[in-house]
Amino acid sequence: MSKILFTINYEIQGDKKEEYLKTIRELKNLIKAEGLESYSVYEVKGKPNRFQEQYIFSSEEAFENFEDDTDERINILINKISSMTVEHTTKYTTQAEITL
C-alpha cells in the first residue's frame, strides 16, 4: 500500500494574512481522519503570502475517504480560506509513494 501526498498551493490576498493564519490554526486543530498521518502548512520561502498545505495519507483508500469524513466546521473553514486566496493561484497535486 502506497502512501499518498496531497498538496494544495495558493496565494493569500495581502490584507488577509492575519485572518488566514487564525483560520488555518483552527483548521489544523480540527483536521483528523483515519489514515491521515500528517497535516502541515508551509509558507513558501521568499514568496510572502504563498502557502502550501500538505496531507499525508497511509493509503489511497484513506485519501479517497477523507472528503467524506469532514465535518461542517472544517468545510466552513476551507471555504473561508478559499475566499481569501488570489484568483487562479490554487493548484492541487496528488502523489503516490513509490516502493523501492
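This is a predicted model: local features need pLDDT of at least 70, side-chain atom pairs count only at pLDDT 80 or more; totals for chains, interfaces and linings use all residues.
## Aromatic pairs

The model holds 10 aromatic pairs, counting rings of Phe, Tyr and Trp whose centres lie within 6.5 Å. One of these is the pair of F6 and F63, which is tilted: the ring centres are 5.4 Å apart and the planes stand at 45° to one another. F6 belongs to strand β1, residues 4-11, and F63 to helix α2, residues 60-69. The pair therefore links distant parts of the chain, as 57 residues separate F6 from F63. Both F6 and F63 are buried.

F6 also forms a pair with Y92. Here the rings are stacked, with 6.1 Å from centre to centre and 15° between the planes. F6 counts as buried because its relative accessibility is 15%, and the cut-off for buried is under 20%. Y92 has a relative accessible area of 56% and is therefore exposed, since exposed means over 50%.

F6, F63 and Y92 also belong to one aromatic cluster, together with Y39, Y55, F57 and F66.

## The packing of α1 and α3

Two packed helices are described by the angle between their axes and the distance between the axes. Helix α1 covers residues 17-30 and helix α3 covers residues 72-84. They pack at an angle of about 150°, and their axes are 10 Å apart. This angle makes α1 roughly antiparallel to α3, because angles over 145 degrees count as roughly antiparallel. The crossing of α1 past α3 is left-handed.

Which residues of α1 meet α3? On the α1 side they are E19, Y20, T23, I24, E26, L27 and L30. On the α3 side they are R73, I74, L77, I78, K80, I81 and M84. Sorted by kind, the residues of this contact comprise nine nonpolar, one polar and four charged.

## Positive phi angles

N49 sits in the loop between β2, residues 36-43, and β3, residues 50-57. With a relative accessibility of 15%, N49 counts as buried. H88, which is not a glycine either, has a phi of about 65°. Its place is in the loop between α3 and β4. Is H88 buried or exposed? At a relative accessible area of 73%, H88 is exposed.

## Single residues and their distances

V41 is part of strand β2. It is partly exposed, with a relative accessible area of 27%. Apart from neighbours within four places in sequence, V41 is in contact with Y20, I24, F51, Q52 and E53. Two of these contacts, Y20 and I24, are also among the α1 residues that meet α3.

N29 is located in helix α1 and is exposed, its relative accessible area being 56%. Two further residues belong to segments outside the strands. M1 is in the segment before β1, and L100 is in the segment after β4. Both are exposed: M1 has a relative accessible area of 87%, and L100 has one of 95%.

The table gives C-alpha distances for these residues, beside the separation along the chain.

| Residues | Separation in sequence | C-alpha distance |
|---|---|---|
| N29 and Y42 | 13 residues | 15 Å |
| V41 and S83 | 42 residues | 18 Å |
| L100 and I24 | 76 residues | 35 Å |
| M1 and D15 | 14 residues | 43 Å |

N29 and Y42 are 13 residues apart along the chain, with 15 Å between their C-alpha atoms. M1 and D15 are 14 residues apart along the chain, with 43 Å between their C-alpha atoms.

Methods: Residues are numbered from 1 along each chain as its sequence is written. Side-chain values use heavy atoms; hydrogens and water are left out. Rings of Phe, Tyr and Trp (its six-membered ring) pair if their centres lie within 6.5 Å; planes under 30 degrees apart count as stacked, over 60 as edge-to-face and the rest as tilted. Helices (H or I, at least four residues) and strands (E, at least two) are DSSP runs, numbered from the N terminus. Buried means under 20% relative accessible area, exposed over 50%, partly exposed in between (1.4 Å probe, protein chains only). Axes are lines fitted to C-alpha atoms, for helices over the stretch in contact, and angles run from 0 to 180 degrees between N-to-C directions. Angles under 35 degrees count as roughly parallel, over 145 as roughly antiparallel, 65 to 115 as roughly perpendicular and the rest as oblique. A crossing is left-handed if the near helix is turned anticlockwise from the far one by less than a right angle, and right-handed if clockwise. Contact means heavy atoms within 4.5 Å. Ala, Val, Leu, Ile, Met, Phe, Trp, Tyr, Cys and Pro count as nonpolar, Asp, Glu, Lys and Arg as charged, and the others, Gly among them, as polar.
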